[in-house]
There are 2 protein chains.
Amino acid sequence: MTNKDARTPASMRTQAGGPADGPSNGEAGKSIGWHKAYIEGSRPDLRVPVRQVHLTNGQSVTLYDTSGPYTDPLVDTDVRRGLPPLREKWIIARGDTEEYAGRPVRPEDDGIKHTSPRGGLRNLDAVFPGRPRQPRRSRDGRAVTQLAYARRGEITPEMEFVALRENVSPEVVREEIAAGRAVLPANVNHPEIEPMIIGKRFLVKVNANIGNSAVTSSIEEEVEKMTWATRWGADTVMDLSTGRNIHTTREWVLRNSPVPIGTVPLYQALEKVDGKAEELTWEIYKDTVIEQAEQGVDYMTVHAGVRLAYVPLTANRKTGIVSRGGSIMAAWCLAHHKESFLYEHFEELCEILAAYDVTYSLGDGLRPGSIADANDEAQFAELRTLGELNRIARRFHVQTMIEGPGHVPMHKIKENIDLQQEICDEAPFYTLGPLTTDVAPAYDHITSGIGAAMIAWWGTAMLCYVTPKEHLGLPNRDDVKTGVITYKIAAHAADLAKGHPGAQEWDDALSDARFGFRWEDQFNLALDPDTAREFHDETLPAEPAKTAHFCSMCGPKFCSMKISQDIRREHGGTRAEIEEGMAQKSKEFAAAGNRVYLPIAD
Amino acid sequence: MTNKDARTPASMRTQAGGPADGPSNGEAGKSIGWHKAYIEGSRPDLRVPVRQVHLTNGQSVTLYDTSGPYTDPLVDTDVRRGLPPLREKWIIARGDTEEYAGRPVRPEDDGIKHTSPRGGLRNLDAVFPGRPRQPRRSRDGRAVTQLAYARRGEITPEMEFVALRENVSPEVVREEIAAGRAVLPANVNHPEIEPMIIGKRFLVKVNANIGNSAVTSSIEEEVEKMTWATRWGADTVMDLSTGRNIHTTREWVLRNSPVPIGTVPLYQALEKVDGKAEELTWEIYKDTVIEQAEQGVDYMTVHAGVRLAYVPLTANRKTGIVSRGGSIMAAWCLAHHKESFLYEHFEELCEILAAYDVTYSLGDGLRPGSIADANDEAQFAELRTLGELNRIARRFHVQTMIEGPGHVPMHKIKENIDLQQEICDEAPFYTLGPLTTDVAPAYDHITSGIGAAMIAWWGTAMLCYVTPKEHLGLPNRDDVKTGVITYKIAAHAADLAKGHPGAQEWDDALSDARFGFRWEDQFNLALDPDTAREFHDETLPAEPAKTAHFCSMCGPKFCSMKISQDIRREHGGTRAEIEEGMAQKSKEFAAAGNRVYLPIAD
């Protein structure tokens, strides 16, 4: 099973031309599209991937690329072996971590109760076959986090990598991480990732959720969804599996993921107690966190802000508690009439996360699940606690971001980001949408894409995608793609609105291609070249239409861009001439009074 | 061809239960869905259609309904006969209009150059077969517009109709129209419409564009698209046909449309001169406007703001002039080195429109077609002229709205609506999107849905939809539906953000159904019940799943809403008891200090 067969999306195979193909010479119908290129860093093993789009006019456009080695024909990938451990040498060179035996994998990690002679896994073929690697953790309990390094002024290779990727100076990256305004999720046990950064000074990021549920889906599907999501631009992926084979699914996903992987350890912990929330204990939870940290999970959602005292605040809500983790913790607190064990053991948890550089994603377990519940007392009470926990995490040098809602009408969105930034000392905000109305199930990628674009403009650092299946079922491959594309739109619209340096170059290149009727360039520059081309070809499939000065939307006589071009051509050979010619006419007109009607009082 | 066969979308037939069906008795699997109902006005012929959704808990929710008589099983519709002329008696009763012979229909109205013995139409079957009706216009050149009536204090049946529809007092409707802050497009020759209003004090409206192009599409398809668009919620429809049979296509559309129809007369005028912009004349244009006014077009886009002096301002643009009408007028101005004939004859045009109550939609021919061109000198120069023309139109009692962009990054959107409201004396703004980025062809319903929601929140009265085919081809039936649904989301999100009275009831009803696991109610309340049901059933198709307390997204153990409900059930029988129980625990906890960690300085 290599990336040349079923594992690789068709579009990846057909579009990725290797460097050998070279850029197009501009002849119609000979466009190559794009290829994978690398920006070289200060050392030979520091190469930042980019997507180089070759235009038919000889120019090229460089785009951020999340698709990993899969789109590089020179790299021989194999999902049974996993990706090359890009960061391994960097981690070892720091000398502050050590390999150790690690926690033995148990059948119950995969939800198996009765062990079989071979260890209990239902399907042994499913076990990840790649080279076994001992887990690694900090020596002597030191914090081996990017935050710790940044605070003492070190610029790690990971920081240099993201600086090149974001086109900023490494010092800016270090400063933002040190200040807690950005996180660089990079578990020492996930050396396969291409480092990326989440913070408001940087490009807005998008997370895609994958994961099986008890009802549907398999390991293979989840790995496929991960590569598929990153192919379309997902910056991180959360594996939210809850059924069987959680451990093994995660192993496959981690070993093959070029992007940071997030999880909610509580889900697996709950499986270990057969779904009975009240039987959860700190020990089971802690064991699960260590299990996942040893595998390489880069960030973990922890619902430590759902405190016993806040649960009654949700009693009058229209939709109660809609976070899975939040509802589990609320059930536990009430069942025991005790404070949350996550809250009570938060410092111990910090020590564990610091030893692997696992980043906190402090979960908003009390986020609103409907327009009616937005910005209520429960939600903001929890947010204040997240601010408190963020400060504790910083004491332990644990990188931290804060999760946000949810369902929020447009006029209440800004309060969310403003309050979060204030309460949480500008820690990165990571929001789910928000959905701006409840009335459109099957279109919640759109109801939430609206809110996501707005909250990202105002400072949210990462957006958790919502797919068309939200509230209705588990997303399939098409839903994952639609969710990612919608959120890339929201993220890029926010980058533009924030005036992010360089963001508009992409729009400009596409608009130039549009005005120049370079259809192939338009397709290749599009967020989704395949669908753009398919839509165009639905009505005008013939090859000459790829250079025609119209499409079927308006037809040849009514194409405004063609008429615009005709104007420029007919009224002068160059743009300067046209301007001069038109300016002359304009002067004549101005001299003639410049208006036909005089202002009239109503 | 009746609405019981191919003309009627399948979903319309299966969902529309007649009053005879009655509301569901609440038994699982027996949900009826919804039926058409009417709010009775002050006279027997004033009945405002609504969509009554019947919930399985015995309640019902009333929603605004644009689908016309087609969804009423008691009305026998037939597209060959047209809809009943609902407003005819109201118009006649006013006594200020008269029938007249009208302009003879000519072969060139349908783009036919050589007349045949039977009148020249290529396909005589295409001629609308319904009862011929003489056109009507004002007597003695009086203004027979809703604006004129409103100004002299009259509340017309049309105003009462929209007041009931919007759940406001008729006096509010009259005031808003009189002040020019709202328009009620209702040509005296389009008596078939169910009156609606466009203004910022009212629900945000959505327009859907249909129309053939020279490349594709037929009359039948366009009528089908119109009924299809209104079925999903389009408040008005613009027929932007540019190929052959423009006149006849429009006749079919008008006679069967329950919503106001808009056009761009310039398109047909250009067809009459074989697509040669320089051959256009005021006489040909005027003749076309009269032709369309006699047919019943309710509002017309007029690009009278594209003045000769502004054309040079577009010379340095990335994408020139992207409005079809704008580019045609710019070409004409430059070819003749003369001021626009639309601008020069604007007062005469006002006289014509006033005689039929055709509403102006003052076109933004110089709107930006790319992020780079947003809010530039050309765009705002034209806007100032539109403000001037709006004041002229008011002198003639012609209702007027103003068209807006286009492509605008999020941070530049608000300036558009603020400036338009200031310059155009709060005349309704009617925007196309705006698209918030250029990089996502095939997803421009989403790039623009984001901008549309925002600009509507800030005061735009009507949104012109954008379909996934924008920039790529002519939308088909699926694209029309996707465009309408996306824009209904944007419009409703804006209604919520504006705090429109009653808007949130819909969200609340759906969220209640969601929290109560009333799946059928969720589907029936959804903007698109069919797709919501289909997505749910993809993984859990069996009937018991329609009452299950989970879906395949999270599975039974991880459904947060189920856990929330369990909490409420286990900790008390009623909500009050739960609250009391939880409040007690909360007090105990508060008494114990209420926190585990003390605030810690970083």
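Reply: A salt bridge joins the side chains of Lys469(A) and Glu538(B), with 2.6 Å from N to O; the term denotes a side-chain nitrogen of Lys or Arg within 4 Å of a carboxyl oxygen of Asp or Glu. The model is predicted, so that local features need pLDDT of at least 70 and side-chain atom pairs count only at pLDDT 80 or more, whereas totals for chains, interfaces and linings use all residues. Residues are numbered from 1 along each chain as its sequence is written, chains are lettered from A in the order in which they are written, and side-chain values use heavy atoms, without hydrogens and water.

Between chain B and chain A, four salt bridges are counted. The two chains also have 22 residue pairs in polar contact, both residues being at pLDDT 80 or more (a pair of N or O atoms within 3.5 Å; within protein, one must be able to donate a hydrogen and the other to accept it, and residues adjacent in sequence count only if both atoms are side-chain atoms). On the side of chain B that touches chain A, helix H16 (residues 477–497) gives the most, with 10 residues; helices are DSSP runs of H or I, at least four residues, numbered from the N terminus.

The contact, meaning heavy atoms within 4.5 Å, takes 139 residues from chain B and 139 residues from chain A. Chain B and chain A bury about 12000 Å² between them, 66% of it on carbon and sulfur atoms; buried area is the accessible area (1.4 Å probe) that two parts lose on being put together, summed over both.

Technical notes
Helix = DSSP H or I, 4+ residues; strand = E, 2+ residues; numbered from the N terminus.
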